Each structure stands twice: as structure tokens, then as C-alpha cells.
Amino acid sequence: MAISRVQKFKEYRNSLIKEEAPNLETPKSSANNEIEIIGEDTTSTLPMDEVIKSINENEEEVAIAKRHKRNTILKWTLIIAGIVIVVAAIVIFGIIVWSK
């Protein structure tokens with residue numbers, strides 16, 4: 001007859017308990033491993049100067065982005081206005097020349 005799961009587990013457990021069985025425990029870490037702290041004082045907070053500097057840099061980046069966007073809009077507006085003026089001048093010139 002077939003051996004049940006429970007019987008197989010009991011045999012497995014008994015084989016691990018025997019003295020000649022290999023030791024399956026995980027090795028514990030030794031106490032000699034010490035963490036060496038580099039630097040005098042380490043904290044998780046940033047110095048106030050760094051925070052203020054990063055805020056100022058962010059404000060400068062926003063100002064540069066706005067200036068770039070404004071210059072781009074102004075450039076395209078002037079280009080479109082120039083094209084409209086040229087087309088209007090050609091139409092007016094055509095009307096004056098062909099009306100005589």
C-alpha cells in the first residue's frame with residue numbers, strides 16, 4: 001500500500017533528528033561585524049543653506065522657463081505679423097496696379 005503524506009513527513013523529520021544528519025541551521029552572523037560611521041556627524045536632515053539654495057535654484061529655473069516661453073511667443077508673433085503685412089502689401093499693390 002502507498003505511504004501517506006503524514007507518514008512520509010514523520011520519516012523525514014526523524015531522519016533530520018538523527019545525529020549523523022547534516023546540520024541545516026543557518027549560520028549566525030558574528031558579533032565582530034561592526035558598522036563604521038564615516039564622518040563626524042551624520043544626520044538625515046539637510047542644512048538650511050542647502051534648502052534655501054535649492055529653492056532659489058527652482059525659482060530661477062521657473063523664471064528662465066517663463067522668459068524662454070515669452071521669447072518664443074514673441075518671436076512667432078512677429079514672424080506671423082510680418083507675413084501678414086507682406087501679404088497685405090502684395091494685395092494692396094495688386095489692387096492699385098490692376099485698378100488703373
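The questions and answers below concern a predicted model of a protein.

Q: What makes up the secondary structure of the protein?
A: The secondary structure consists of two helices and zero strands, and one of the helices, α2, covers residues 48-99.

Q: Why is E57 called partly exposed?
A: E57, which is found in helix α2, has a relative accessibility of 37%, and because partly exposed lies between the limits of under 20% for buried and over 50% for exposed, E57 counts as partly exposed.

Q: Which residues gather with E57 in a patch of negative charge on the surface?
A: E59, E60 and E61 gather with E57 in that patch, and Glu is a residue that counts as negative.

Q: Why does I79 count as partly exposed?
A: I79 lies in helix α2 and reaches 38% relative accessibility; since buried means under 20% and exposed means over 50%, I79 is therefore classed as partly exposed.

Q: Which residues form the nonpolar patch on the surface?
A: The patch is formed by W76, I79, I80, I83, V84, V87, V91 and I95, which together have about 770 Å² of accessible area.

How values were computed:
Residues numbered from 1 in each chain as written. Predicted model: local features only at pLDDT ≥ 70, side-chain atom pairs only at ≥ 80, totals over all residues. Heavy atoms only, no water. Patch = residues over 30% accessible without salt bridge, like charges linked within 9 Å, V, L, I, M, F, W, Y side chains within 5 Å. Areas by Shrake-Rupley, 256 points an atom, 1.4 Å probe, with all protein chains shown as cover. Salt bridge = Lys/Arg side-chain N within 4 Å of Asp/Glu carboxyl O. Charge placed at Lys NZ, Arg CZ, Asp CG, Glu CD. Helix = DSSP H or I, 4+ residues; strand = E, 2+ residues; numbered from the N terminus. Buried < 20%, exposed > 50% of the residue type's maximum accessible area, 1.4 Å probe, protein only.
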